Amino acid sequence: SCYYCYSSNIYFYFLLVLLFFLMIRRPPRSTLSSSSAASDVYKRQAEVAAKAEKDRAEAEARAQAEAEAKAKAEAEKEREEHNERIEVLRATLEEHELDSLTRIMELGFGEDAALQAYLSCDNDEGLTVNLLLESW
């Protein structure tokens with residue numbers, strides 16, 4: 001074989017090797033710092049995880065606030081219904097019975113307990129006071 005053909009093969013292989021090394025060289029760094037692409041990925045993962053944790057905490061806080069608001073609204077509704085029932089019961093009492101109930105409450109008993117005891121004792125003030133003192 002001729003010398004020219006042999007030398008052209010060497011040039012061809014040299015070009016192949018050169019092209020191979022040019023293809024596998026490292027891409028330029030995104031920053032001038034010594035961080036690698038892997039550490040950039042870890043940083044992004046940490047940022048994503050922190051954002052996810054923040055979002056979860058905010059969602060949990062919203063859910064807790066909604067539950068508290070719902071419980072407060074239910075308690076307010078129950079209190080209003082209770083007050084309506086007390087007003088209905090008070091409306092059925094005559095003036096002297098209301099005076100007896102007021103005297104019982106002046107002894108330090110709550111309106112609810114006094115009214116329930118007064119009605120369960122057939123509107124007897126003395127029995128009501130005894131019942132309340134025994135159960136207190």
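**Burial, fold and contacts**

Of the 136 residues in the protein, 14% are buried, where buried means under 20% relative accessible area, exposed over 50% and partly exposed in between (1.4 Å probe, protein chains only). This is a predicted model in which local features need pLDDT of at least 70 and side-chain atom pairs count only at pLDDT 80 or more, while totals for chains, interfaces and linings use all residues. Residues are numbered from 1 along each chain as its sequence is written, and side-chain values use heavy atoms, with hydrogens and water left out.

Q: What is the order of the elements of the protein from the N terminus on?
A: Helices (H or I, at least four residues) and strands (E, at least two) are DSSP runs, numbered from the N terminus. The protein has five helices and zero strands. The order is therefore written with helix symbols, under that definition of runs. It reads α-α-α-α-α.

Q: Is α3 parallel or oblique to α4?
A: Axes are lines fitted to C-alpha atoms, for helices over the stretch in contact, and angles run from 0 to 180 degrees between N-to-C directions. The axes of α3 (residues 95-106) and α4 (residues 111-120) come within 9 Å and cross at roughly 130 degrees. Angles under 35 degrees count as roughly parallel, over 145 as roughly antiparallel, 65 to 115 as roughly perpendicular and the rest as oblique. The relation of α3 to α4 is therefore oblique.

Q: How many residues of the contact of α3 with α4 are nonpolar?
A: With contact meaning heavy atoms within 4.5 Å, α3 contributes Glu97, Ser100, Leu101, Ile104 and Met105, and α4 contributes Glu111, Ala114, Leu115 and Tyr118. Ala, Val, Leu, Ile, Met, Phe, Trp, Tyr, Cys and Pro count as nonpolar, Asp, Glu, Lys and Arg as charged, and the others, Gly among them, as polar. One residue of this contact is polar and two are charged, and the nonpolar ones number six.

Q: Is Leu93 buried or exposed?
A: Leu93 lies in the loop between α2 (37-92) and α3. Leaving aside neighbours within four places in sequence, Leu93 is in contact with Leu98, Leu101, Leu115, Tyr118 and Leu119. With a relative accessible area of 9%, Leu93 is buried.

Q: Is the pair of Phe12 and Tyr13 stacked or edge-to-face?
A: Rings of Phe, Tyr and Trp (its six-membered ring) pair if their centres lie within 6.5 Å; planes under 30 degrees apart count as stacked, over 60 as edge-to-face and the rest as tilted. A search of the whole structure finds one aromatic pair. The ring centres of Phe12 and Tyr13 are 5.7 Å apart and the planes lie at 65 degrees, so the pair is edge-to-face.
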